[in-house]
Amino acid sequence: MELLDPRVDFVFKRIFASESNKDVLQAFLNRVLQDAGTPPLEEVVLLNPYTDKEDPQDKQSIFDIWARTVDGRLINIEMQLFNQYDMEKRTLYYWSKRYSSQLQTGGRYIELKKCITINILNYNVLPNEYTHSVFHLREDSSGAPLIDDIEIHFLELPKLKKAAVPGEKGLVNWLLFLKGNDTDNWEVLKMNEPALQKAMETLEYLSQNPEARRRYEDRQKFLHDEASQRDGAQREGFAKGLEEGKEAGIKKGLEEGMKEGMKEGMKEGMKEGLQAGMREAKLEIAKNLLQMGMDLQAIKAATGLTEEEIKSLI
């Protein structure tokens, strides 16, 4: 049996965001937060649980997972199979919407609760080697937090180079499960993280279910088509930009060439005009000297004209 890819957002949400698998989500979140030095959660409430009504072909479908802790913290989890580009700005934009949406008309700022964003990415974004990067709002020099209301996690699966190690608990086991559908290491992963067994059973069930597989293939096709269209648009934009750049370069080259040509032309014209004017002056002097009766050799020495040029004046 070929297992479905748990990284496809439709499958990911079915595993982690159904009411029956809320304990799987809590176990996963606890490992993410503990890896960042945060105490484990006592309970988590799903704000948008997975339902069979969600259509993977619907472009408006939201396959993020939204949850709330007992103390009111809001958590958003997003699985990205393909590069959306501008992920950092996109993350801040959606974090800000989630944060600001808490405040109702007439509400007080003190009522705003911490918002945690967790991005699980099937591609690299950040210029570092860390599989798990965590960001807060802190002062540059001292590292003192301004406020603890913002917390953003990036889990970049391609940066995970480790293999499953018996007895090693922690987030790495969950990421190894998500990274692929290779079941060879499942026994070790389940021993390390017992909560993973339920996630694996859910994935096996979905993989055997014809309707779930059909929905999975529909979603996968939509994601691939969307990625291809985006890449095609980028290639088209690059080609258009290159062509416009070439045209602009040619135009600029012509303009610069005309400017340089005019400069050189003016220089040459002035030089030729000056030379012509000096020759005319010499001829006029020679003519006057001839009229005064000076001999040819003396006029030649005085003006620099040739003997032929002086004789032509006689």
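A residue counts as buried when its relative accessible area is under 20%. His-132 has a relative accessibility of 14% and is therefore buried. This is a predicted model, and His-132 sits in strand β5, which covers residues 132-138.

Two side-chain polar contacts involve this histidine. One joins the side chains of His-132 and Asp-35 at 2.5 Å. The other, at 2.8 Å, is with the side chain of His-153. Beyond neighbours within four places in sequence, His-132 is in contact with Val-32, Asp-35, Ala-36, His-153, Phe-154, Leu-155 and Leu-171.

## Packing of α2 against α4

Helix α2 spans residues 22-35 and helix α4 spans residues 171-179; their axes are 9 Å apart and meet at an angle of about 125 degrees. The two helices are therefore oblique to each other. The crossing of α2 past α4 is left-handed.

## The loop between β6 and α4

Lys-159 is found in the loop that runs between β6 (145-156) and α4. Is Lys-159 buried or exposed? Its relative accessible area is 11%, under the 20% cut-off, so Lys-159 is buried. A polar atom of the Lys-159 side chain lies 2.6 Å from the backbone oxygen of Asn-128. The Lys-159 side chain also has a polar contact of 3.0 Å with the side chain of Glu-156. Setting aside neighbours within four places in sequence, Lys-159 is in contact with Asn-124, Leu-126, Asn-128, Glu-129, Tyr-130 and Thr-131.

Gly-167 also lies in the loop between β6 and α4. Gly-167, in contrast to Lys-159, counts as exposed, at 66% relative accessibility. The C-alpha atoms of Gly-167 and Asn-192 are separated by 5.5 Å, although the two residues are 25 apart along the chain.

How many of the eight residues of helix α1 are buried? Eight of the eight are, so α1 (residues 9-16) is largely enclosed by the rest of the structure. The buried set includes the charged residues Asp-9, Lys-13 and Arg-14. Phe-10, Val-11, Phe-12, Ile-15 and Phe-16 are the other buried residues of α1.

Leu-206 belongs to helix α6, residues 196-208. With a relative accessible area of 4%, Leu-206 is buried. Not counting residues up to four places away in sequence, Leu-206 touches Leu-4, Val-11, Arg-14, Ile-15, Ala-212 and Arg-213. Among these, Val-11, Arg-14 and Ile-15 are buried residues of α1. Leu-206 and Gln-84 are 122 residues apart in sequence, and their C-alpha atoms are 27 Å apart in space.

## Asp-86 and its backbone

Asp-86 lies in the loop between β3 (74-80) and α3 (87-100). Its relative accessibility is 58%, over the 50% cut-off, so Asp-86 counts as exposed. Where the backbone is concerned, the phi angle of Asp-86 is near 55 degrees, a positive value in a residue other than glycine.

Notes. Residues numbered from 1 in each chain as written. Predicted model: local features only at pLDDT ≥ 70, side-chain atom pairs only at ≥ 80, totals over all residues. Heavy atoms only, no water. Axes fitted to C-alpha atoms, helices over the stretch in contact; angles between N-to-C directions. Helix = DSSP H or I, 4+ residues; strand = E, 2+ residues; numbered from the N terminus. Parallel < 35°, antiparallel > 145°, perpendicular 65-115°, else oblique. Left-handed = near helix turned anticlockwise from the far one by under 90°. Buried < 20%, exposed > 50% of the residue type's maximum accessible area, 1.4 Å probe, protein only. Polar contact = N/O pair within 3.5 Å; in protein donor to acceptor, adjacent residues only side chain to side chain. Contact = heavy atoms within 4.5 Å.
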